Amino acid sequence: MLLTGGLKSLLPHVLRRIIRCNRLSISNTSGMAEGYKQANVVILHKSLADDFEKFCRANDGPLPLLYRSQPGEWKCPSLSSDSDIRTDCLQYRKYEHGACTGSLKSLKEYSEQLKDMVTFYLGCSFSFEKAVQKAGIPIRNVEQKCNVSMYKTSVPCYSTSMFHCNLVVTMRPIPESKLEAAVLATSELKEAHGAPVHIGDPGLLGIQDLSKPDYGDPVHLHPGDIPVFWACGVTGVEAIINCRAPLAFTHSPGCMFITDVKNDNVTSSGGVPQVHCISQDPLHFSIVSEEAAQKIKALETLIGIDPGERGIRHLQRQGELLGASLAMSHAGSVLITTGFPTHFSHQPPEENDGPPGALAIAAMLQALQKQVAIVTDQRAMDLNKRIIEEAVQLGILKKPIPLLSYQRENADSALMFLCEDGNPERPRFDHLVAIERAGMAADGNYYNARKVNIKHLVDPIDELFLAAQTIPGVTTTGVGDGGNELGMGKVKDAVKKHIKNGDVIACDVEADFTVVAGVSNWGGYAIACALSVLRCCDTHERYLRRAVGCPRTPGPGLWLPALPSVSKEEKLLKTLVQLGVRSGKTASLEMEVDGLPFYNTHSLMIEKLL
């Protein structure tokens with residue numbers, strides 16, 4: 001028997017010959033024939049072949065099709081010169097009616113049945129290991145001399161008439177400092193599954209215990225390692241099991257077919273990928289192209305001007321808009337709050353900065369088919385109901401948004417509001433957004449910019465943001481322009497130092513992401529634009545769908561109408577004026593927000609953002 005030393009440098013045809021003679025004392029092909037493509041193998045009856053090919057095409061992340069044979073064809077001329085699929089895998093599995101009925105070293109005894117069967121060769125992540133190592137990234141399973149870990153997930157693949165299953169993934173521990181390098185090294189290797197489909201907590205894929213893989217071996221994480229998951233060709237094995245075909249064969253997971261094809265025929269899809277952390281509990285990273293990230297950075301720069309000369313540049317932190325929009329892009333359900341009753345002597349006391357930005361975010365979330373609701377003060381429910389109705393009439397919203405209010409009744413009120421039956425494992429919302437919402441100061445009061453306490457007009461919605469900090473998987477964003485808004489606690493030291501009356505008015509409640517804008521509405525417009533940028537980013541879109549199903553090509557009929565426009569915002573502001581909602585700084589009922597004229601100031605900002 002040959003041992004493993006030196007196998008990684010042997011040419012594929014030599015390795016296949018050794019495997020054919022059953023002379024290897026190894027359990028998997030990871031690390032072998034470095035730089036050459038390896039393949040998962042699925043062999044099934046010819047009557048199922050067309051439907052299985054459709055299944056592969058529809059889920060090309062886990063099932064990149066390298067070659068489909070003719071019935072009874074044991075060679076694969078485009079992948080190898082002298083191969084025989086009956087003998088050239090280390091080990092095979094036999095499936096009958098969905099059950100694994102044996103492990104085999106050879107399929108020669110089934111040569112007669114194989115004459116009516118078709119072989120599918122599917123890309124494998126072992127193929128990208130050399131590229132990952134060349135980038136200076138350790139391959140832990142190779143170091144630990146074991147098979148890669150493979151897990152069934154809760155992510156459904158796109159189904160065809162005969163085939164359906166959940167995605168299977170491989171996991172490789174990657175040092176946190178090397179995450180971006182790992183994504184870059186694999187993203188263009190589409191025939192080896194391409195970029196990861198998840199980075200971070202395995203529970204987000206429905207994986208309960210990394211020490212108990214469904215296939216392969218457990219791989220030990222070193223301190224500082226992050227679990228990184230790639231789509232896996234063993235997904236095809238799960239599809240075969242669920243199909244319950246009378247007879248089928250596959251490779252044994254980890255025991256790949258080694259091809260003669262080098263991994264140097266990559267095609268660039270454009271854009272260097274970036275990795276960004278969007279949650280610490282559970283740990284969750286997202287992927288976006290450099291081009292999309294730069295666009296969102298440009299949006300953040302645009303809204304960062306300070307027309308009121310309040311000193312907001314001292315509050316700004318780069319990358320907050322990108323983080324907030326990525327978190328919302330991953331969210332399935334978003335709760336928005338707005339409302340700053342700065343005009344305590346008027347009725348209604350609300351200012352007109354906040355609602356337009358909130359509706360701009362809500363409109364884009366609706367277009368992205370996410371659940372969205374608004375929570376506001378009980379005393380302002382009728383006003384907000386009318387604003388939402390008008391927004392639907394104006395075409396800003398596709399349909400009305402559920403309108404909620406929150407009152408504290410006991411210590412568990414916030415948890416009961418945010419989670420089903422108050423259970424932190426069953427949150428109703430994945431993300432909370434506050435935009436120009438009065439925020440609680442350190443003394444428990446709420447202040448406008450002039451240091452007037454308006455607590456009697458504000459319901460304790462801050463408690464929802466404080467409770468969200470204790471609920472795994474729920475993230476928050478605060479949008480503001482003066483430091484006294486909900487969520488600005490993240491920059492409260494700068495508010496106290498640089499903003500007039502900041503020592504008193506600074507909001508004490510933090511959000512995970514703090515978007516600071518010259519006018520808060522601009523922050524809402526920028527978030528809507530950023531979400532659209534992300535949705536049009538192929539790199540991010542693939543990561544969102546876990547590389548299963550077909551790419552969702554954004555059409556102008558879906559996205560453009562959801563973006564803010566000068567026309568829509570002009571009509572909305574006129575509606576607010578008619579409802580008696582005043583400008584924040586001047587209390588005037590004119591076409592202005594925060595004392596700045598709509599025309600040539602706010603209208604110009606909207607045009608620049610678009």
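**Ground rules**

I am working on a predicted model, where local features need pLDDT of at least 70, side-chain atom pairs count only at pLDDT 80 or more, and totals for chains, interfaces and linings use all residues. Residues are numbered from 1 along each chain as its sequence is written, and side-chain values use heavy atoms, with hydrogens and water left out.

**Salt bridges**

My rule for a salt bridge is a side-chain nitrogen of Lys or Arg within 4 Å of a carboxyl oxygen of Asp or Glu. With that rule I count 29 salt bridges.

I use buried for under 20% relative accessible area, exposed for over 50% and partly exposed for what lies in between (1.4 Å probe, protein chains only). Arg426 comes out partly exposed at 39%, and Glu420 is partly exposed too, at 33%.

I then noted a network: Asp50, Glu53, Arg57 and Arg68 are joined by salt bridges that share partners. Within it I looked up Glu53 and Arg57, whose side chains meet at 3.1 Å, N to O. Both sit in helix 2, four residues apart, so about one helical turn separates them. Arg57 is exposed, with a relative accessible area of 52%.

Next I checked Arg16, which forms a salt bridge with Asp260, the closest N and O atoms lying 2.9 Å apart. This one links distant parts of the chain: Arg16 is in helix 1 (residues 12–20) and Asp260 in strand 12 (residues 257–262), 244 residues apart. Is Arg16 buried or exposed? Arg16 counts as buried at 0% relative accessibility, whereas Asp260 is partly exposed at 28%.

**Aromatic rings**

I pair rings of Phe, Tyr and Trp (its six-membered ring) if their centres lie within 6.5 Å; planes under 30 degrees apart are stacked, over 60 edge-to-face, and the rest tilted. The structure holds ten such pairs. Why do I call the Phe55 and Phe163 pair tilted? Their planes are at 40°, with the ring centres 6.1 Å apart, so tilted it is. The two are 108 residues apart: Phe55 belongs to helix 2 (residues 46–58), and Phe163 to the loop between strand 6 (149–156) and strand 7 (166–175). Phe55 is buried at 0% relative accessible area, and Phe163 is buried at 0% as well. I also have them in one aromatic cluster with Phe52 and Phe120.

Further along I looked at Phe598 and Tyr599, an edge-to-face pair with 5.3 Å centre to centre and 90° between the planes. Phe598 is buried at 2%, while Tyr599 is partly exposed at 40%.

For a charge over a ring I want NZ of Lys or CZ of Arg within 6 Å of the ring centre and within 35 degrees of the ring normal. Arg86 has its charged end over the ring of Trp74, 3.6 Å from the centre. Arg172 lies over the face of Trp230, at 5.8 Å from the ring centre.

**Strand 18 and its neighbours**

I checked burial for strand 18 (residues 431–437): seven of its seven residues are buried, so the rest of the structure largely encloses it. I count two strands as paired if DSSP finds at least two bridges between them. Strand 15 (residues 333–339) pairs with strand 18 in the parallel sense over six bridges, and Gly339 stands opposite Arg437. Strand 19 (residues 475–480) is also parallel to strand 18, over five bridges, with Val433 opposite Thr477.

Strand 18, helix 13 (residues 462–468) and strand 19 make a right-handed β-α-β unit. Right-handed here means that, with the strands pointing away from the viewer, the path from the first strand over the helix to the second runs clockwise.

**Cysteines**

How many disulfides are there? I find zero in the whole structure, taking a disulfide as a pair of cysteine sulfur atoms within 2.5 Å. For Cys243, the nearest cysteine sulfur is that of Cys165, 11 Å away; Cys243 is buried at 12%. The sulfur of Cys529 is 11 Å from the closest cysteine sulfur, in Cys536, which is too far for a bond. I have Cys529 down as buried, at 6%.
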